[in-house]
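Subject: Structure handover

Hi,

Here is the structure I promised to pass on. My notes follow below it.

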Amino acid sequence: CCGSGWTSRWSHLTLGEHYCNECFEHFYRSHKEGYKDYDLWKREWSQKARTEPGVAAFMVEQIMPYWVQCRAVGCGRWRQLSRGSNLTPEFIDTFVCGRTSLQSSVKKEKQDACTIPEDERVHYVRSPLWLIQNKYPPFLKKSPAAPFLSSYYPDGVGLSPTEEPEELSKEEKKKLCPYVVPFRKGDRPLHAFSMMPDMMLDKEIDMFPLIAQECPHLYLAIRNLILALWMLNPKEWVSKEKCMRHIICRGLTRVSCIEFLPQILSFLTYHNFINQGLVAPPCSLHCDTQVSTESVIVIGAGASGLAAAHLLHSHGIKVTVLEAKKKPGGRVWDHTCDIEVLSASGYLIKGCVNNPLALIAYQAGIDVEESSNTVLFNQLGEVVDEKVESRIHFHFNAILDIVSEWRKNKTPQEDLPLICKFKEFHEEFLRETQGYFSQEEEQIMNFHLGSLEYANGCNLSQLSSLHWDQNDDMPHFNGGQISVPQGFGSILSKLAEDLDIRYGYEVTDIDYRGPQVGVKANDEFLTADKVIVTLPLAVLKTSSVMFYPALPEAKMKAINSLGAGSVEKVVLQFHERFWSHKVKPGQTFGYLPATESQRGLYNIFYPGYCAETQRHTLSTYLVGKTLAKIVENPDEDIFADEEEVQDEDIVQDIMQVLRVIFPQEHIPKPEWTHLFMTHFGQDSHIGMAYTYVPVGADSSASDALAQDVEEKVFFAGEATNRQFPQTITGAYLSGVREARKIIDLLS
């Protein structure tokens, strides 16, 4: 090597890094001493890498010196190590200027080594020109991401192709959280909060356009490392310090990786890929800053309000939660004595992979149970043939797909109720195929239509055929469904810990005309820098809370255009699990409606267990046209000789359904003292179950509802989450979204 002397040719690697012609000759020429090393490297590279081997790649991956940053307080200067030095996480953690190895100490005469100026080449790295001229990935060594990316070309994901990844042991694999899967597997579609290890998402490209254009593999290497560290331990905040010790690569590329690390960490955190749930940032990220002096009022202690308040509180922001009811939870916690009953029996986490509620349960050590498929029973109490049910289910989905094709390029004026288009295409199918549906097949169809009404919270005659599945083009949660035996209350209580929640505070006025926002509740006037409104859509529609000045026209249009859906749940408790002979543990069971008029009436049952009362539970629901008939205009065919339907009437009707499903069983009377039925529609503080898109409305209304007003008043709740509507998870994520907006504004 000619060092800094004369050579006939310099080969460029990056801005500030080159190798001389003598080095090239030393490795490239077969008669030279270094050729053997280069040849062995080239053979190994060719077997594993996507790109062709060459001297330049060899220099970057094998020869360039390491750079490491001084950890001494007040220094932070980058130093180049000698060529023979090795780099380990332990050395990175403890390095100070003047140290040459992990075992060595700083010599007395080098105590002032931190005063030596930093190499000017480090400053080149901070220039956009450095990225433009750098054409090689970092080739990370010993990366924690390597075991998870073995099916990808290493150089395509920023890893070293010549280093064998250390496989996880069986014990290590068992310790992995099953609900954190950030990398897409195979050619499966992307699920929520997952990424392709070898490709940047559109939102990543938008955020980092230069690096996406010039050196995307550098970004991928850092991002994949961060995701892997989160995957390995989702109970601990992924910080810059935790990541940088695992960024081991040669050359100035390591300096660039560390420089970009905080931005990438912030991006992944903001978009809910890492640092979710109950983990809190290190105090160093928010202590002794202006953020901690700001204040926020959160209106509503439901899933979205608690999520927002928890995140703000964890970042050192003063938060006050105002809740009109005497308990937290909103539409989740709605029975003081039997929280576990409703939650365990009536709610499931559907799609548990990367689902923040499943993650919180894991972080808090809350037990969950896998829930298997639903077994269907007909009017004779017989199990419906799986092949028949599968065929009708396929037909049901196929008709919905036809509706999706029909609606392309349609205007809001051409919108029709979903049930109208469904029946139209179903009947057209029967005509063209000269097919015939038996009575049981029609009942199976009505069962699935009832499930669709339950999913949307309304009668299908109210649901838009253009926008009913407003999130269809967005990633959904993957994985099976799980239940929480302790109830969703156990999850929300973790979010509520250490929060200032004031119960019985009914908000009537929100005034955002001044520098601070004023909130009037129970004739008391409170002020804060920001306010997050998590009131249900039905409450916003009543204008029981007045805004000064009035909300913008676009916001009011969104509130008025979306529909407030109605679903009511009933929970019964029994001394014995009489359904065990036909229903396996973890299964739910369904009942085919006899006629279309009974669609949505106790068509599915969720078994559970209430630890508080030591009783077995069954919960079911009422939805759609059937619910309207019972609550507003009782149908004589459903409840004969009754002028007004009481909860007891509904229970008797449920018992009749259970006797049909289990004719051979002695069904005991339910525990009347523990009878529970929701009355969301009659609760002035709730008024609904969840949001739907009615005929003539636009799915963009959810996005408009989510927009803040003057960066002072923010809105959260399931109605504001278009990607995950009508779910507790969606409500939670909306609260996190608004909290992160405020954290960014106050930082």
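This is a predicted model: local features need pLDDT of at least 70, side-chain atom pairs count only at pLDDT 80 or more; totals for chains, interfaces and linings use all residues.

Helix H15 covers residues 356-364, and helix H19 covers residues 488-496. The two pack at an angle of about 75°, and their axes are 10 Å apart. That angle makes H15 roughly perpendicular to H19. On the H15 side, the contact involves Leu357, Ile360, Ala361 and Ala364. Facing them in H19 are Phe488, Ile491, Lys494 and Leu495. Sorted by class, the contact has 7 nonpolar residues, 1 charged residue and no polar ones.

Now the whole chain. There are 25 helices and 24 strands in the protein chain. Its C-alpha atoms fill a box of roughly 105 × 65 × 55 Å along the principal axes. The chain has 747 residues, and 57% of them are buried. Take the contacts with a separation of 6 or more: residues 24 or more positions apart account for 71% of these. The accessible surface comes to about 33,600 Å². Carbon and sulfur atoms hold 49% of that surface.

Next, the loop between strand E19 (588-591) and strand E20 (604-610). Thr595 is found there. Is Thr595 buried or partly exposed? Its relative accessible area is 39%, so Thr595 is partly exposed. The side chain of Thr595 makes a polar contact with the side chain of Ser597, at 2.8 Å. Thr595 and Gln443 are 152 residues apart along the chain. Their C-alpha atoms are separated by 7.0 Å.

Tyr602 lies in the loop between E19 and E20 too. With a relative accessible area of 0%, Tyr602 is buried. Its backbone deserves a look: phi of Tyr602 is near 55°, a positive value in a residue other than glycine. As background, most residues other than glycine have a negative phi, and most peptide bonds are trans.

Two further backbone points belong here. Gln726 is not a glycine, yet it has a positive phi of about 65°. Gln726 sits in the loop between strand E24 (713-715) and helix H25 (728-746). At 17% relative accessibility, Gln726 counts as buried, because the cut-off is under 20%. The other point is a peptide bond. From Tyr548 to Pro549 the bond is cis, with omega near -5°. Pro549 lies in the loop between strand E16 (546-548) and helix H21 (553-561).

Two more residues to look up. Thr320 has its place in strand E6, residues 318-323. Thr320 counts as buried, at 7% relative accessibility. Which residues does Thr320 touch, not counting residues up to four places away in sequence? They are Val296, Ile297, Val298, Asp500 and Arg502.

Tyr28 has its place in helix H1, residues 21-28. Tyr28 is partly exposed, with a relative accessible area of 37%. Leaving out residues up to four places away in sequence, Tyr28 touches Tyr35, Tyr38 and Val55. Tyr28 and Ser451 are 423 residues apart along the chain. The C-alpha atoms of Tyr28 and Ser451 are separated by 68 Å.

Best wishes

Notes:
Residues are numbered from 1 along each chain as its sequence is written. Side-chain values use heavy atoms; hydrogens and water are left out. Axes are lines fitted to C-alpha atoms, for helices over the stretch in contact, and angles run from 0 to 180 degrees between N-to-C directions. Helices (H or I, at least four residues) and strands (E, at least two) are DSSP runs, numbered from the N terminus. Angles under 35 degrees count as roughly parallel, over 145 as roughly antiparallel, 65 to 115 as roughly perpendicular and the rest as oblique. Contact means heavy atoms within 4.5 Å. Ala, Val, Leu, Ile, Met, Phe, Trp, Tyr, Cys and Pro count as nonpolar, Asp, Glu, Lys and Arg as charged, and the others, Gly among them, as polar. Buried means under 20% relative accessible area, exposed over 50%, partly exposed in between (1.4 Å probe, protein chains only). A polar contact is a pair of N or O atoms within 3.5 Å; within protein, one must be able to donate a hydrogen and the other to accept it, and residues adjacent in sequence count only if both atoms are side-chain atoms. Accessible areas come from the Shrake-Rupley method with a 1.4 Å probe; for residues, only the protein chains shown count as cover.
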